[in-house]
Amino acid sequence: MELYLDLHSQPCRSVYLLAKKTDIPFHFKLVDLSAGQQHGEEFGKVSMVRKVPVMKDGNFILTESVAILQYMVEKFPRLVPGHWYPSDLQRRARVNEFLSWQHTALRAHGSKVFWFRAVVPVVTGVAVPKEKMDSAVEDLKGSLEVFQNKFLQDGSFIAGEEVSLADLVALVEIMQPVGTGLDVFEGRPVLSAWRERVKKEIGEELFDEAHQSIMNVDRLAKTFQDNGMLEFLKPRIQKMFT
Amino acid sequence: MALELYLDLFSQPCRSVYIFARTNSIPFDLRKVSLLQGEQYGEEFGRINMMRKAPAIRDGDFCLAESVAILQYLAEKFQTPDHWYPRDLQQRARVNEYLSWQHTAVRAHGSKIYWLRLLIPKILGVEVPQDKMDAALEDLNGSLKLVEEKFLQDRPFIAGDHISLADLVAIVEIMQPVGSGLDVFESRPRLAAWRERVRVAVGTELFDEAHQEILASQEMVKDMDASKMQVFKPKILKLFL
């Protein structure tokens, strides 16, 4: 199995972490987003959508981290314990509910804050206007509130007493803005306690290893420059503002 | 207590849940939530879904939001025919892949077109700048291109020979911009042919019934009492403009 990944990307981290944690054998194929490799000819043959992660299992190519995670759970029942995607109807529904909601909430808002804090100023040389930044942070806070009040509530994990794909996806998304220096866990003890529980289930060392690039995101500026990416990224960033 | 479906057929994800339940003869009580009248902000609905969005279901004590999760739940609980959510690993993966991708693609872009063409100018009385309209259309065209070239290709349906949750979710989203007067099928014969296959597979009468309100949108906005929506104006403008 080949996994096309760049660990700067949240959905790549969730796929990577599940595979490593459960010893699913795979080849790590780096798609360096900071060098624009997703736009290259070779990767285009793997996926016309030109996004990561992508899974290649023999001739079968699959995009979308949620689908890849669901596939891995189903394909490797002896490696992946059932709690990752419970077979109980209602518990599974809770996992699916979160996996669906997060696309346009936690993922969207966390990504935006990441781009505004770490990428846009580097590429354009100018900080994002305060109003837009405040608005993006406000949206992220709103999502975090819904996450705590609806998805976590009093349970140890989203689906109940055991960790699942939902917690994995949630945490990698929440770590994205954290990498830019916005510590969303500060002042949120319930969220912090949940993070510690999830980290423990994944394995602290593995978790930290997967998050190394995002936690050192201040290197991104130099990386973009070295890769000649600044001119390429400018129009894309213009579009984000319109 | 019977399964309760909290729906408003103006909403794409409500339509997929409605059509799925009806075509599979799943018994339910329909609880209408009129979104344009702000009924999702009522106290009772807040207890069903604190996120105040439709669709939502209540099955006994169990409340569930998010159409994709609801469809997966209903397919499993009522053991609907396999093709809806196939057990085969790769076929199911194709369905899941589409269901995941569509949130920030066809759904986002189709919704935006509907708001920009119809609701924002006609109900909120705000003019939409041409460059924003053009950008939104470009995004929708990009998504529709991927539906045709990646998800459908030369297959009759997304997962293969039979209709699945993926086609149902896809069609209701693609019908939304059509409701605003943008016929996306006009220059896309392959997509139009697929739409007809989907329509026949779920039942043409049911499909047309479910889409009656959205297709009458342009007429609806003429008579609509816009007062209830004014309070959401700043939020809507921030979201789309």
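Visitor: What conventions apply to numbering and to pLDDT?
Guide: Residues are numbered from 1 along each chain as its sequence is written, and chains are lettered from A and ligands numbered from 1 in the order in which they are written. Side-chain values use heavy atoms, with hydrogens and water left out, while in this predicted model totals for chains, interfaces and linings use all residues, side-chain atom pairs count only at pLDDT 80 or more, and local features need pLDDT of at least 70.

Visitor: Which residue is the bridge partner of Glu2(A) in strand 3 of chain A?
Guide: Helices (H or I, at least four residues) and strands (E, at least two) are DSSP runs, numbered from the N terminus, and two strands pair if DSSP finds at least two bridges between them. Strand 1 (residues 2–5) of chain A pairs in the parallel sense with strand 2 (residues 27–30) of chain A over four bridges, where Glu2(A) stands opposite His27(A). Strand 1 of chain A also pairs in the antiparallel sense with strand 3 (residues 54–57) of chain A, over three bridges. In strand 3 of chain A, the partner of Glu2(A) is Lys56(A).

Visitor: Which residue caps the N-terminal end of helix 4 of chain B?
Guide: Helix 4 (residues 89–101) of chain B has 13 residues and reaches 18 Å from its first C-alpha to its last, close to the 18 Å expected at 1.5 Å a residue, the expected span being 1.5 Å times one less than the number of residues. Ten of the 13 residues are buried (under 20% relative accessible area; exposed is over 50%, partly exposed in between, with a 1.4 Å probe and protein chains only). At the N-terminal end, a side-chain oxygen lies 3.3 Å from the backbone nitrogen of Gln90(B), and the capping residue is Asp88(B).

Visitor: How many residues apart in sequence are the parts tied together by Tyr98(B) and Phe151(B)?
Guide: Rings of Phe, Tyr and Trp (its six-membered ring) pair if their centres lie within 6.5 Å, with planes under 30 degrees apart counted as stacked, over 60 as edge-to-face and the rest as tilted; the count comes to 18 aromatic pairs over all chains. Phe98(A) and Phe151(A) form an edge-to-face pair, 5.3 Å centre to centre with 85 degrees between the planes, and both are buried. Tyr98(B) and Phe151(B) are also edge-to-face, at 5.0 Å and 90 degrees. Tyr98(B) lies in helix 4 of chain B and Phe151(B) in helix 6 (residues 130–152) of chain B, so the separation of the parts they tie together, in residues, is 53.

Visitor: How far from the centre of the ring of Phe151(B) is the charged end of Lys150(B)?
Guide: A charge sits over a ring if NZ of Lys or CZ of Arg is within 6 Å of the ring centre and within 35 degrees of the ring normal. Arg195(A) places its charged end over the ring of Phe185(A), 4.4 Å from its centre. For Lys150(B) over Phe151(B), the distance is 5.3 Å.

Visitor: Which residue in the hairpin of strand 3 and strand 4 of chain B takes a positive phi?
Guide: Strand 3 (residues 56–59) of chain B runs antiparallel to strand 4 of chain B, joined by four bridges, and Arg58(B) stands opposite Cys63(B). Phe62(B) and Leu64(B) point one way from strand 4 (residues 62–65) of chain B, Cys63(B) and Ala65(B) the other way, and all are buried. The hairpin has two residues between the strands, and the residue with a positive phi, near 70 degrees, is Gly60(B).

Notes:
A polar contact is a pair of N or O atoms within 3.5 Å; within protein, one must be able to donate a hydrogen and the other to accept it, and residues adjacent in sequence count only if both atoms are side-chain atoms.
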